[in-house]
Amino acid sequence: MLTIFERLKQIAREIDKAIKNEDLGYSSKQNATGDEQLKLDIASDFIIEHILRDVALVKSIISEEKEDIMEVNPDGKYTICYDPLDGSSIVDVNLSVGSIFGIYETGNLSGDGLRAAAYVVYGPRLELVIAVRGKHPRHYRSGARGLFSSRAPIVLKEKGKLNAPGGTQQYWSPTHRSLVESLFSEGYRLRYSGGMVPDLHQILLKGGGLFSYPGTQDRPYGKLRMLFEALPFALIFEAAGGQALDEEGNRLLDLCPTKIHETTPCFFGSNYEIERFKKVYGL
Ligand code: AFP
């Protein structure tokens with residue numbers, strides 16, 4: 001697994017370079033779920049595929065930008081599911097974006113089969129967070145000559161101060177609206193950029209809060225994809241001492257997607273806010 005983590009650092013540096021130097025515009029292509037692809041989505045996907053191909057432990061890869069699973073090493077042990085560039089719609093305005101990785105046991109693409117997760121933040125500084133089950137997530141920041149140095153492990157407090165509610169507000173249910181309002185009426189601050197990686201990173205580093213992406217009238221099953229987004233962040237939140245649930249109160253890590261690009265409503269937070277979510281939703 002350590003070899004994979006070292007390769008993630010290489011991936012982070014290469015995608016960061018591409019974001020800083022390459023064309024930020026759209027290509028003429030769409031991905032597997034019909035989203036318009038940026039040239040950078042394609043470039044980031046290419047970088048990851050080419051680096052992970054050389055890692056013997058990796059049997060197969062599944063990208064948010066590809067339709068199907070791709071086998072890269074027949075004797076490998078893990079399947080890596082990744083979103084090469086999350087936040088495509090905000091890269092053109094120079095907000096932080098990210099890459100997300102879920103490292104699954106091959107043949108067990110579920111929360112249970114998820115062995116480790118990681119994400120990269122491409123912001124003013126390049127950062128990487130890596131989590132394995134049962135240990136606080138490790139946090140790295142890149143400095144001189146692009147070298148990553150290790151920072152304090154990430155540990156959530158019981159209660160935070162940030163509220164990051166996703167989705168189109170017009171289509172929220174009354175229940176969801178009252179959850180969001182109940183936190184604001186307690187003094188929580190709105191922090192939402194539209195990029196899952198920097199928004200969740202902020203909650204993790206500031207010690208807590210709630211990020212919610214519910215099922216809405218226009219997206220009854222939410223927007224965030226289980227394999228590439230929801231399950232990796234669920235492992236990271238649990239490892240940091242928080243919780244990650246779906247709209248019915250199930251642990252995201254107990255879910256098992258039935259198709260590669262399946263989405264789920266999701267709620268990530270420190271314990272106080274998740275308990276509030278359960279209470280307001282009657283779970
Ligand atoms: P894009 O890649 O299309 O910018 O979507 C980003 C994202 O998947 C995730 O990073 C955000 O948390 C979420 O969408 C934001 O969605 P809303 O704009 O509907 O809140």
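A residue counts as buried when its relative accessible area is under 20%, as exposed when that area is over 50%, and as partly exposed in between, with a 1.4 Å probe and protein chains only. Helices (H or I, at least four residues) and strands (E, at least two) are DSSP runs, numbered from the N terminus.

The structure is a predicted model, in which local features need pLDDT of at least 70 and side-chain atom pairs count only at pLDDT 80 or more, while totals for chains, interfaces and linings use all residues. Residues are numbered from 1 along each chain as its sequence is written, and side-chain values use heavy atoms, with hydrogens and water left out.

**Exercise 1. Describe where the ligand sits and which residues are closest to it.**

Solution. 
Step 1. The ligand sits in the largest pocket. A pocket is an open set of points on a 1 Å grid over the protein atoms alone, with protein on both sides within 12 Å along at least five of seven lines. A molecule sits in a pocket if more than half of its atoms lie within 2 Å of the pocket's grid points.
Step 2. The ligand is surrounded by 15 residues, where a residue is near a molecule if one of its heavy atoms lies within 4 Å of it.
Step 3. The closest of these residues are Asp86, Ser89, Tyr192, Met196 and Tyr213.
Step 4. By class, the shell holds five nonpolar, seven polar and three charged residues. Here Ala, Val, Leu, Ile, Met, Phe, Trp, Tyr, Cys and Pro count as nonpolar, Asp, Glu, Lys and Arg as charged, and the others, Gly among them, as polar.

**Exercise 2. Give the distances from Gly167, Tyr213 and Lys223 to oxygen atoms of the ligand, and state how much of the ligand the protein buries.**

Solution. 
Step 1. Gly167 contributes a backbone N or O atom, 3.0 Å from a ligand oxygen atom.
Step 2. Tyr213 places a polar side-chain atom 2.7 Å from an oxygen atom of the ligand.
Step 3. For Lys223, a polar side-chain atom is found 2.8 Å from an oxygen atom of the ligand.
Step 4. The ligand taken alone exposes 490 Å², of which the protein buries 79%.

**Exercise 3. Locate Tyr213 and decide whether this residue is buried or exposed.**

Solution. 
Step 1. Tyr213 belongs to strand S13, residues 209-213.
Step 2. Its relative accessibility is 7%, so Tyr213 counts as buried.
Step 3. Between Tyr213 and Pro165 there are 48 residues in sequence and 6.3 Å in space, C-alpha to C-alpha.

**Exercise 4. Examine Ser60 and Ile80, stating the strand and the accessibility of each.**

Solution. 
Step 1. Ser60 is part of strand S3, and because its relative accessibility is 4%, Ser60 counts as buried.
Step 2. The side chains of Ser60 and Thr79 are joined by a polar contact of 2.8 Å. Such a contact is a pair of N or O atoms within 3.5 Å; within protein, one must be able to donate a hydrogen and the other to accept it, and residues adjacent in sequence count only if both atoms are side-chain atoms.
Step 3. Ile80 lies in strand S5, and its relative accessibility of 0% makes Ile80 buried.

**Exercise 5. For Asn94 and Arg145, state the loop, the phi angle and the exposure.**

Solution. 
Step 1. Asn94 occupies the loop between strand S5 (78-86) and strand S6 (97-105).
Step 2. Although Asn94 is not a glycine, its phi is positive, about 65°. With 71% relative accessibility, Asn94 counts as exposed.
Step 3. Arg145 is placed in the loop between strand S9 (138-142) and strand S10 (148-150).
Step 4. Arg145, also not a glycine, has a positive phi of about 55°. Arg145 counts as exposed because its relative accessibility is 75%.

Definitions and conventions. Areas by Shrake-Rupley, 256 points an atom, 1.4 Å probe, with all protein chains shown as cover. 1 Å grid on protein atoms, 1.4 Å probe; cavity = no way out; pocket = protein on both sides within 12 Å on 5 of 7 lines; lining within 4 Å.
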